[in-house]
Amino acid sequence: MNRTTPVIPAEDIQRQKEYCAELRSLNAQRPAPPRAYVDTYGCQQNEADSELIRGMLADMGYEITGTDQGADVIVINTCAIREHAEQRVFGNVGALVHGKRKKPDQVICLCGCMAQEAHVADRLRQSYRHVDLVFGPQQLWRFPEFLRRVLLRRGRVFETAPVDGAIAEGLPVYRSGRLKAWVSIMYGCNNFCSYCIVPYTRGRERSREPEIILKELKELAEQGYKDITLLGQNVNSYGKDLEGGWDFPRLLEEAAGIPGDFLLRFMTSHPKDATEKLFDVMARCEKAAPVIHLPFQSGNTRVLTAMNRRYTREQYLEKVAALRARIPDVVLTSDVIVGFPGETTPEFEDTLSLIEAVRFDALFTFIYSPRKGTPAAEMDDPMSKEEKSANFDRLVAAQNRISLEKHQAYIGTVQRCLIDGLGEDPRHGLTARTAGGRLVHLDGDPSLIGRFADIRITDCSTWALFGELDAEPS
C-alpha cells in the first residue's frame with residue numbers, strides 16, 4: 001500500500017531487538033532478575049505506549065513490578081495536556097532522588113509528551129540531575145538503544161530534538177490484563193486546537209497499515225480479549241495518509257467482522273470529522289459498542305472559533321441528532337473547557353445550555369490551563385480565577401444532576417455487561433461494564449470475571465450503577 005508517512009525500516013527495529021538481547025544477556029548474569037517500574041500519566045495513548053515500554057523491558061530481562069520501591073529501572077511516561085499534570089510529574093520525579101541515593105545504580109527515565117517540550121527538557125537537565133534518560137514520544141521505539149547507552153556508558157541521555165513522526169511496527173507489547181486491550185491505529189494530530197500542545201509533542205498524523213491492525217485485533221480476539229479500544233488522537237482522521245480507500249468507518253467495520261465475542265470501542269473522535277458514515281457503521285455492527293466520546297469543549301461558536309475547533313455549536317448539535325437518530329440509546333461523553341481566554345459568562349451560559357440540550361452521560365471537565373508554545377497562551381484572559389471556578393462548579397453540578405437522571409433510567413432494565421474485576425466495597429464484590437461503558441457494582445463469585453452476563457440494574461448513584469445477575473453468565 002502506498003503511503004505518505006514513513007515506516008521505520010525493519011532492520012532498524014531488528015537492531016533494537018539486538019540491543020534487547022544484549023541487555024537480557026547482561027541481566028541474566030545478575031544474582032536475581034532486575035526489576036522495572038513504568039508509571040503512566042495522561043491519556044489512553046500513553047497507556048498503550050507504556051505497554052510497549054514494558055514489552056521492551058521484559059525483552060531486556062526485567063521483571064515488571066507495580067512499585068518504584070527497589071526498582072532498577074523507573075520509567076515515568078508523562079502527559080503535557082495540563083499544568084496540574086506537569087506539576088505532579090515534577091513533584092513525583094523530584095521525590096525519586098531519595099530512592100536513588102540508596103540505590104545509586106538505579107536508572108530513572110522520563111518520556112512522553114512532557115519530554116518533547118524544550119523548557120521541560122532544560123529544567124530536567126539543570127535541576128533534576130538524578131534523571132538519566134529523557135526522550136519524546138516519536139523516539140519511543142529506540143528505548144532499548146537509549147537505555148543501553150545509559151547502562152554501558154554511565155552518562156545521561158537526552159533525545160528530545162524535534163523529529164518527523166514515523167510508524168514503528170514489530171515492537172513487543174506487555175499488556176496489564178487479559179480482558180481489555182488498547183490498540184493504537186494512528187499517532188499524532190493535525191488539528192492544532194489553539195489550547196493544545198499535543199501536535200507539537202506527538203507530531204503529525206500517521207496511520208498504521210490496516211492489514212497490520214486487523215491482524216493484531218484478530219490475535220487479541222483469539223487470545224480471549226473481550227473489550228478492545230482503538231486509539232488515536234483523532235481516530236476519524238485515520239487513513240488520510242494511506243491510499244486504497246481506507247478510512248475509519250471502513251476499518252471499524254472490518255474489525256467488527258473478526259470472529260469472536262468481544263466489543264470494540266474507540267477514542268477520540270473530533271466532531272468535525274465524525275461522519276454519518278461512521279454512525280451508520282456503529283449502528284449496524286453488533287461488536288461496535290454503542291458509545292462515543294465526542295469532545296465539544298465549548299457551547300459558544302465564537303469561543304469554538306478562537307479554539308480553532310472548526311465546527312459551530314449548531315453543527316455539533318446536528319452531529320448529535322444524526323447519531324441519536326441511528327442509535328437512540330447511545331452513551332455520549334465529552335470534554336469541556338471552562339474559562340478559555342476571553343470567554344465571557346454569557347458565552348459560558350451557552351456551554352451550560354448545550355449540556356442541557358444534549359444531556360451527556362458523563363463529562364470530563366477542566367478549567368483552562370495555558371500551555372507554553374500554544375496560541376491560546378498568548379491570548380488576553382481577563383476573567384478572574386474566582387469567576388472561572390464559580391462557572392466550573394455550576395457546570396459540574398448541572399452535569400452531576402444529568403448523570404444521575406441518566407443512571408436512574410437504567411433501574412429495572414437488564415444490561416449485558418462484561419464482568420471485569422473485583423470491587424473495593426465488600427457489599428459489591430465485583431465490577432462490570434455495560435456495552436456503553438457504564439460502571440456496574442454487583443455481588444458474585446470472582447470466577448465470573450472475564451465473562452459477559454445479563455445484569456438487572458437495581459440502583460444507582462451519580463457515577464455508577466448497582467445490579468444483580470439476571471441469568472447465567474456466558
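## Close-ups of a predicted model

View 1. Helix α2, residues 44-59, lies across β7, β10 and β11, and runs at about 95 degrees to β7. This is a predicted model, as are the close-ups that follow. The three strands form an open sheet in the order β7-β10-β11, with parallel pairing. At the edges sit β7 (180-184) and β11 (263-267), each of which pairs on one side only. From one strand to the next, the twist averages 25 degrees.

**View 2. Zooming in on β10 and β11.** Strand β10 covers residues 227-231 and is joined to β11 by five bridges, the two running parallel. If you want a spot to start looking, I228 stands opposite L264 in β11. In general, strands of a sheet pair through backbone hydrogen bonds, whether parallel or antiparallel.

View 3. R202 and D49 meet through their side chains in a salt bridge, 3.0 Å from N to O. R202 belongs to helix α6 (residues 198-202) and D49 to helix α2, so the pair ties together parts that are 153 residues apart in sequence. R202 is buried, at a relative accessible area of 5%, and D49 is buried too, with 5%.

View 4. R326 counts as partly exposed at 27% relative accessibility, and D280 is partly exposed at 30%.

View 5. The side chains of D381 and K388 meet in a salt bridge of 2.7 Å, N to O. D381 is partly exposed, at 33% relative accessibility, whereas K388 is buried at 6%. In another group, salt bridges link E51, E169, R175, R208 and E216 in a network. A search of the whole structure turns up 34 salt bridges.

View 6. C460 is in no disulfide either, and the nearest cysteine sulfur, that of C417, is 14 Å away. C460 counts as buried at 14% relative accessibility.

Notes:
Residues are numbered from 1 along each chain as its sequence is written. This is a predicted model: local features need pLDDT of at least 70, side-chain atom pairs count only at pLDDT 80 or more; totals for chains, interfaces and linings use all residues. Side-chain values use heavy atoms; hydrogens and water are left out. Two strands pair if DSSP finds at least two bridges between them. Helices (H or I, at least four residues) and strands (E, at least two) are DSSP runs, numbered from the N terminus. Axes are lines fitted to C-alpha atoms, for helices over the stretch in contact, and angles run from 0 to 180 degrees between N-to-C directions. Contact means heavy atoms within 4.5 Å. A disulfide is a pair of cysteine sulfur atoms within 2.5 Å. Buried means under 20% relative accessible area, exposed over 50%, partly exposed in between (1.4 Å probe, protein chains only). A salt bridge is a side-chain nitrogen of Lys or Arg within 4 Å of a carboxyl oxygen of Asp or Glu.
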